[in-house]
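The following note sets out points for the colleague examining this model.

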Amino acid sequence: MSNIVAIVGRPNVGKSTLYNRLTETRKAIVDDFSGVTRDRHYGVAEWTDRTFTVIDTGGYVARSEDVFEAAIREQVVIAIEEATVIIFMVDVTTGVTDLDDEIATLLRKGNKPVFVVVNKVDNTMLQSDATIFYSLGLGEIYNISSMTGSGTGELLDEVIKHF
Ligand code: GDP
Ligand code: MG
């Protein structure tokens with residue numbers, strides 16, 4: 001398995017919506033990877049002439065807020081280990097949250113390319129709101145709408161340059 005794109009971020013930002021969009025016409029990979037697999041889904045995606053694996057993280061079931069945040073941190077650590085490229089998804093409708101900042105800190109310490117993807121930018125009015133995410137300190141931001149697919153092509157054009 002060579003090229004892996006992991007999607008990380010807090011719940012409800014739209015990770016699974018993007019994952020489904022990228023993998024919808026393809027078969028899911030059987031979930032028999034070692035390690036923490038329960039909260040990870042692997043699928044196959046294609047863009048132009050490239051085929052790659054996409055990992056959706058989340059669907060966390062946790063008894064407490066602490067356990068829940070630990071689960072997210074664990075997913076980020078695994079992504080830093082195994083992904084070729086990490087998509088760090090955030091939500092334009094909520095702005096930057098404490099958990100976003102925490103995830104950004106972990107990702108800055110990792111040595112993997114990170115794409116800050118600002119989701120739910122469903123219309124051009126929201127594009128100026130998205131600029132707040134430069135404060136995460138991870139460089140360029142990519143505005144998309146996982147719902148409509150807007151911006152995903154431009155994102156993937158850049159992602160596959162890292163393969
Ligand atoms: P996850 O928890 O990060 O996997 O998020 P989901 O993919 O389950 O999406 C959470 C909610 O956000 C759902 O109600 C989605 O329909 C909604 N959502 C996802 N992408 C978009 C988007 O681009 N625009 C809007 N307006 N809503 C979205
Ligand atoms: Mg999900």
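1. In this note, Ala, Val, Leu, Ile, Met, Phe, Trp, Tyr, Cys and Pro count as nonpolar, Asp, Glu, Lys and Arg as charged, and the others, Gly among them, as polar. On that basis the shell around ligand 1 holds three nonpolar, eight polar and three charged residues. A residue is near the ligand if its C-beta atom, placed from the backbone, lies within 6 Å of it. Of the 14 residues around ligand 1, those that come nearest are Gly-14, Lys-15, Ser-16, Thr-17 and Met-147. Helix H1 (residues 15–23) supplies the largest share of this shell, three residues.

2. This is a predicted model, in which local features need pLDDT of at least 70 and side-chain atom pairs count only at pLDDT 80 or more, whereas totals for chains, interfaces and linings use all residues. Residues are numbered from 1 along each chain as its sequence is written, and chains are lettered from A and ligands numbered from 1 in the order in which they are written.

3. The protein chain contains five helices and six strands (DSSP runs, H or I of at least four residues and E of at least two, numbered from the N terminus). Along the sequence the pattern is β-α-β-β-α-β-α-β-α-β-α.

4. Buried residues (20 or more other C-beta atoms within 10 Å of their own; exposed means 12 or fewer, partly exposed in between; C-beta atoms placed from the backbone) make up 36% of the 163 residues in the protein chain.

5. The mean pLDDT (the predictor's confidence in each residue, from 0 to 100) of the protein chain is 89, and 88% of its residues reach 70 or more. Over residues 30–36 the pLDDT is below 50, and this stretch has six contacts (C-beta atoms, placed from the backbone, within 7 Å) beyond near neighbours in sequence. For the complex, the predictor gives an ipTM of 0.99 and a pTM of 0.93.

6. Thr-48, in the loop between strands E2 (40–47) and E3 (50–57), has a positive phi near 45° and is exposed, with 8 other C-beta atoms within 10 Å. Lys-120, in the loop between strand E5 (114–119) and helix H4 (127–130), has a positive phi near 70° but is buried, with 24 other C-beta atoms within 10 Å.

Methods
Contact = placed C-beta atoms within 7 Å.
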